[in-house]
Amino acid sequence: MNNLTKVVEISSPEEIKYFITHLSSQIIEQTRGLSQLVLIGIYTRGVPLAELLAGQIEILEGKSVLVGALDITFYRDDLNLIGLRTPAKTDIPFDLTGKTVILVDDVIFKGRTIRAALNAVTEYGRPKVIRLAVLVDRGHREVPIHPDFIGKKLTTAKEEIVRVYLQDIDGKDGVELIGVGK
């Protein structure tokens with residue numbers, strides 16, 4: 001980052017813990033029959049986020065929830081813009097048919113990642129319903145997709161970057177807003 005880059009801490013580690021608890025509570029309240037609930041994290045940070053949510057649901061309800069991991073690289077419509085990527089390994093070792101699937105991602109921006117995830121997840125069965133949980137909703141959709149469960153809604157400029165940090169990947173928890181200083 002150059003000297004014109006402005007970094008603002010948006011959420012502390014304590015706030016991330018609050019968001020996880022809040023999201024888990026929302027999911028429990030709006031999902032009937034946790035035995036049919038499946039959390040599918042979208043790589044990269046959606047995967048540990050899904051695991052955190054499942055752990056919190058187990059703490060709150062005493063029931064474990066299936067968790068899977070989804071790579072959407074080959075379902076994207078913008079590979080020419082984002083460049084070559086090495087795909088991660090999708091790990092959904094169970095049939096999604098008839099399940100309540102909650103896709104989990106760290107940030108929703110334009111909605112294209114979620115559109116790709118919707119296409120990818122249907123290869124693993126026909127869920128009863130698919131919902132979306134995100135840690136941060138920053139707006140600026142290009143496709144008509146809206147999260148069902150939101151940790152934090154954040155107003156941003158299109159050129160700003162929202163960066164989520166999770167302990168399992170980054171060694172810390174937090175959310176930063178990165179933009180060009182004036």
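In which loop is Thr-44 found? In this predicted model, Thr-44 is placed in the loop that runs between strand 2 (37-42) and helix 2 (46-61).

The chain as a whole contains five helices and eight strands. Read from the N terminus, these elements follow the order β-α-β-α-β-α-β-α-β-β-β-α-β. The radius of gyration is 16 Å, close to the 16 Å given by the globule rule for 182 residues, so the chain is as compact as a globular protein of that length. The C-alpha trace spans about 50 × 40 × 30 Å along its principal axes. Of the 182 residues, 46% are buried. The accessible surface of the chain amounts to about 9,800 Å², and carbon and sulfur atoms account for 50% of that area. When contacts between residues at least 6 apart in sequence are considered, 69% of them join residues at least 24 apart.

Six salt bridges are present in the structure. One of them joins the side chains of Arg-112 and Glu-142, with an N to O distance of 2.8 Å. This pair links distant parts of the chain, 30 residues apart: Arg-112 belongs to helix 4 (residues 112-121), whereas Glu-142 lies in the loop between strand 5 (129-137) and strand 6 (149-153). Arg-112 has a relative accessible area of 26% and is partly exposed. Glu-142 is likewise partly exposed, with a relative accessible area of 42%.

A further salt bridge is formed by the side chains of Arg-141 and Asp-137, again with 2.8 Å from N to O. Asp-137 counts as buried, its relative accessibility being 1%. Arg-141, by contrast, counts as partly exposed at 25% relative accessibility. The loop between strand 5 and strand 6 also holds His-140. The phi angle of His-140 is near 70°, which is a positive value in a residue other than glycine. His-140 is partly exposed, with a relative accessible area of 27%.

Among the remaining salt bridges is that of Glu-176 with Lys-172, in which the closest N and O atoms are 4.0 Å apart. Glu-176 is buried, with a relative accessible area of 16%, while Lys-172 counts as partly exposed at 38% relative accessibility. Elsewhere, salt bridges with shared partners join Lys-110, Arg-112 and Glu-142 into one network.

The charged end of Lys-172 sits over the ring of Tyr-165, at 4.2 Å from the ring centre. Once neighbours within four places in sequence are set aside, Lys-172 is in contact with Tyr-165, Leu-166 and Gln-167. Lys-172 and Pro-13 are 159 residues apart along the chain, yet a distance of 7.4 Å separates their C-alpha atoms. A charge also sits over a ring at Phe-109, where Arg-138 lies over the face, 3.8 Å from the ring centre.

One aromatic pair is counted in the model. The pair consists of Tyr-18 and Phe-19, whose ring centres are 6.0 Å apart; their planes meet at 65°, so the arrangement is edge-to-face, the cut-off for that class being over 60 degrees. Phe-19 has a relative accessible area of 7% and is therefore buried, since buried residues are those under 20%.

Technical notes. Residues numbered from 1 in each chain as written. Predicted model: local features only at pLDDT ≥ 70, side-chain atom pairs only at ≥ 80, totals over all residues. Heavy atoms only, no water. Phe/Tyr/Trp six-rings, centres within 6.5 Å; stacked < 30°, edge-to-face > 60°. Buried < 20%, exposed > 50% of the residue type's maximum accessible area, 1.4 Å probe, protein only. Lys NZ or Arg CZ within 6 Å of the ring centre and 35° of its normal. Helix = DSSP H or I, 4+ residues; strand = E, 2+ residues; numbered from the N terminus. Rg over C-alpha atoms; globule rule 2.2 N^0.38 Å. Contact = heavy atoms within 4.5 Å. Areas by Shrake-Rupley, 256 points an atom, 1.4 Å probe, with all protein chains shown as cover.
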